[in-house]
Amino acid sequence: MKILGIGNAIVDVICKVDDNFISEKKLTKGSMKLIFDEIEFKELFNNLTIEKTISGGSVANSIVGLSQLKNNVGFIGKISDDEFGLKYEDGLKRENVNFLYSKKKELLPTGSCLILITPDSERTMCTFLGTAGKINKDDLNINSLKQSEIIFLEGYLWDEGDPKQAFDKAIIHGKRVAMSLSDQFCVDRHKTHFLELVKNKLDIIFANEGEIMSLIDAKNFDEVLAFGKQINKHLVITRGDKGAISVYNDQVVEVGIKKNLKVVDLTGAGDLFAAGYLHGYINNFSQKECLEKGTELSSIIIQKMGARI
């Protein structure tokens, strides 16, 4: 298998809202809020019209993108044997993704994420992890880890206890390990641990400009470039309208953005960028070609609703 993704198995529930809804619910536009109370989460759905549901989660979105590019890929994520769990597994299998988790009835339901799209196309996420956040080392098959060329992890999944042990197992048995930092709030919560992973455990790191600057407490982007040159890893950074950049040793490569796009929904832009980059990486593209493929996929996805090409 080319790439095995390990992440939160989350059913995305996409709804359109106005800015007042975001303010009334005291949400931060463009961020991801974790909700731990199932009743509180369900109350958010009141009076909302559901546009669509998708088998989501950050790394799962990337893995589907890689599958659509005809790569042999798999995914491990914890679901329960319930309605959303069945939808989730079926959704990935229909995308020709090897779903490598044997579901059973769990104490918590399958995770779901309410994705709120405002008129400016920004997406604000409210996530109830359910059983997804309870992944542990026993959920990962060693043979699947060893037989994959790259293991792709997401920062959203990292947490103390069982998820950390699952991370450690994946890193120990993986040939090469990539990870997305996922979210600036995520970086701020786990800064010490993420910095250790970036410096000493990972081979490829995906981040946006805000996430990487927060991780290393950079005062400017030159400090990010200096850090990237020091760590001897593939550091891949998306910079919004400034394009994307990769740093590996002393090699710095930049590409610009696609212009004149009709932006509909920014959900999955980073996930599909990672898919495009990894597609290039495992197929021996140059760094510039990897960045260009990532930019191509993210440009396609932001002109559609949801995170599927």
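I began with the radius of gyration, taken over C-alpha atoms, for which the globule rule is 2.2 Å times the number of residues to the power 0.38. A compact globule of 309 residues would come out near 19 Å, and the chain has 18 Å, so the two agree. I then boxed the C-alpha atoms along the principal axes and got roughly 50 × 45 × 35 Å.

A note on the source: this is a predicted model, local features need pLDDT of at least 70, side-chain atom pairs count only at pLDDT 80 or more, and totals for chains, interfaces and linings use all residues. Residues are numbered from 1 along each chain as its sequence is written, and side-chain values use heavy atoms, with hydrogens and water left out.

Next I looked up burial (buried is under 20% relative accessible area, exposed over 50%, partly exposed in between, with a 1.4 Å probe and protein chains only). Buried residues account for 57% of the 309.

I looked at contacts too (heavy atoms within 4.5 Å). Of those between residues at least 6 apart in sequence, 74% join residues at least 24 apart.

For secondary structure I used DSSP runs, numbered from the N terminus: helices are H or I with at least four residues, strands E with at least two. I find 12 helices and 14 strands in the chain.

I followed one set of strands, where pairing needs at least two DSSP bridges. Strand S1 (residues 3-6) is covered on both faces. Ile-3 and Gly-5 are buried on one side, Leu-4 and Ile-6 on the other. S1 pairs in the parallel sense with S5 (residues 73-76) over 4 bridges. There, Gly-5 has Phe-75 as its bridge partner. S1 also pairs in the parallel sense with S9 (residues 150-154), over 4 bridges. Here Ile-6 is partnered by Leu-153.

From S9 I moved on to S10, a parallel pairing over 4 bridges. Glu-154 stands opposite Ser-180 in S10. Both faces of S10 (residues 177-180) are covered, with Val-177 and Met-179 buried on one side and Ala-178 and Ser-180 on the other.

Last, I checked His-279. Where does His-279 sit? I find His-279 in helix H11 (residues 269-282). His-279 has 11% relative accessibility and therefore counts as buried. Leaving out residues up to four places away in sequence, His-279 touches Leu-66, Leu-69, Asn-71, Phe-285 and Lys-293.
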